[in-house]
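Me: I have some questions about how the labels on this model were reached. Please give the value and the cut-off each time.

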Amino acid sequence: MKIQLLLQKNNILTPLSFKVDKMVNAGFTGRNQAEVRHHLDELAAKGIEVPKTTPTLYPVIPSTLTTDTSIVVYEEETSGEIEYVLFVKDDKEIYVGIGSDHTDRKLEELDIPRAKQITPNVVSPVVWELNDVADHWDNLSMECSVKKGQDTFLYQKGGLGLLMSPSELLEFVSKKIKGPLNNIAIFSGTVKMETEDFVFADTFAGLLTDPTLNRSIGFSYAIKPMNYME
């Protein structure tokens, strides 16, 4: 499939059509293993079976990737996770976006890989060239907020230095994928929540900030459960 993006370079936006043959969601990719354990404990406390080894990698159906501002989910108990996203055309042409690994939390309790297929992966419509941010990568930060009814919460926040760097992530993924990493979208894994529990929100909004180049890219989407049946 192809996804239509916009490449931001020198404050100019250029259309970018990216072919996605494969997509994977990484998990538990924190450089600080204490933070990884915190996230594992969050999931285990909710009855979710956590992996014995980390990081992890899950294949995801490419057609679930979207830049839409509204997604439809099966039922109420779903939530997003802020992640940086790599779009790898080949080993020389790689782009960076910000996205959400939106997940059905009820299904996740039973089967994590299948839970990754039933809800979309949402990504920002604007991306950067990895080469433009590689030399100051750890200065980048990401955050997300959610809105439930009239209340808005800061949901997650952290510097990208908390997670595996792009080179580390690419090396990890290459060991799990057959063949070259061409035409693949890679979701990075996430940082800990600022709330005590999942928020099954009405909207989710994410932001990736580059203070060195004084710019940011973001996205937001509404979450619409299929609750129209009696």
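Reply: Go ahead; bear in mind that this is a predicted model.

Me: Where is Asn11 found, and why is Asn11 called exposed?

Reply: Asn11 sits in the loop between β1 (2–9) and β2 (12–19). Exposed means over 50% relative accessible area; Asn11 has 69% relative accessibility, so it counts as exposed.

Me: What does Leu208 touch, not counting residues up to four places away in sequence?

Reply: Its contacts include Val96, Ile98, Trp128, Leu140, Met142, Leu160 and Ile217. Contact here means heavy atoms within 4.5 Å.

Me: What makes strand β4 largely enclosed by the rest of the structure?

Reply: Strand β4 covers residues 56–60, and four of the five are buried, so the strand is described that way.

Me: How do you know that β3 and β4 pair?

Reply: Pairing needs at least two bridges. Strand β3 (residues 22–27) is joined to β4 by five bridges, and the two run antiparallel. Within them, Gly27 stands opposite Thr56 of β4.

Me: Why is Tyr74 called exposed?

Reply: The cut-off is over 50%; Tyr74 has a relative accessible area of 51%, so Tyr74 is exposed. Tyr74 lies in the loop between β6 (70–73) and β7 (78–79). Together with Val72, Ile118, Met226, Tyr228 and Met229, Tyr74 makes a nonpolar surface patch of about 680 Å².

Methods: Residues numbered from 1 in each chain as written. Predicted model: local features only at pLDDT ≥ 70, side-chain atom pairs only at ≥ 80, totals over all residues. Heavy atoms only, no water. Patch = residues over 30% accessible without salt bridge, like charges linked within 9 Å, V, L, I, M, F, W, Y side chains within 5 Å. Areas by Shrake-Rupley, 256 points an atom, 1.4 Å probe, with all protein chains shown as cover. Salt bridge = Lys/Arg side-chain N within 4 Å of Asp/Glu carboxyl O. Buried < 20%, exposed > 50% of the residue type's maximum accessible area, 1.4 Å probe, protein only.
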